[in-house]
Amino acid sequence: MNSTEGMGMEAKKLEVPSLELLEAELKKEQYKKNYSRVLRSTIFSLLVVAAIAVLVAVLLLPVLQINGTSMTETLQNEDIVIAISSSKYKTGDVIAFYYNNNILVKRVIAAAGDWVDIDGDGSVYVNDKLLDEPYISEKALGDCNIDLPYQVPEGKCFVMGDHRATSIDSRNTAVGCVGSDMVVGRILFRAWPLSEIGFIK
């Protein structure tokens, strides 16, 4: 091999890439960096949204499944409902509360200081006034072992299930009245089944 051929081959080896090729490689590297940054940002955003959703579900809008028949016809067994976390409620509201490591759902009948009386037919009187209860389909005295008339203690409320014959509630000392510190929230909305979706009255 002569020196002229050797120089020609060396020139080929040291050939500088074209500007177009360099720009293409630069774009490729920038795309990789941008893709990686967007992917990390998206994953972070999804994790934040998921964490917020969990906090909202646990702290502000608990989702509960009804177990049992103590609230029929208003709520049925296995209904899924959404509550709003609040210790503020009024007579007629349906609330969820802790009882023996379980969550029960009942209706608020009377507030602290009110007098509750129930006759043998199951008609409920609060402060000597007959309670209008369009949400119940059948009256019953139910499992009642408290002395009537009964005054609701301070800081508590008197609750009853809408299915009066089967519900164990404030009429029985086993459950008693509910303190505000026991309340999970007020039941607002039924999310399942879809055929019954809507606000709870």
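Leaving aside its neighbours within four places in sequence, with which residues is M182 in contact? The structure examined is a predicted model, in which local features need pLDDT of at least 70 and side-chain atom pairs count only at pLDDT 80 or more, while totals for chains, interfaces and linings use all residues. Residues are numbered from 1 along each chain as its sequence is written, and side-chain values use heavy atoms, with hydrogens and water left out.

Beyond those sequence neighbours, M182 is in contact with F97 and Y98, contact meaning heavy atoms within 4.5 Å. M182 and F97 lie 85 residues apart along the chain, and their C-alpha atoms are separated by 5.3 Å. M182 is placed in the loop between strand 10 (178-179) and strand 11 (183-192); strands are DSSP runs of E with at least two residues, numbered from the N terminus. The relative accessibility of M182 is 22%, so this residue counts as partly exposed, a class between buried (under 20% relative accessible area) and exposed (over 50%), with a 1.4 Å probe and protein chains only.

Strand 3 (residues 94-99) pairs with strand 11 in the antiparallel sense over 3 bridges, where pairing requires that DSSP finds at least two bridges between two strands. Within this pairing, I95 stands opposite R186 of strand 11. Strand 3 also pairs with strand 4 (residues 102-110), again in the antiparallel sense, over 6 bridges, and the bridge partner of I95 in strand 4 is K106. Strands 3 and 4 form a hairpin with 2 residues between them, and N100 in the turn has a positive phi of about 50°.

Conventions: Helices (H or I, at least four residues) and strands (E, at least two) are DSSP runs, numbered from the N terminus.
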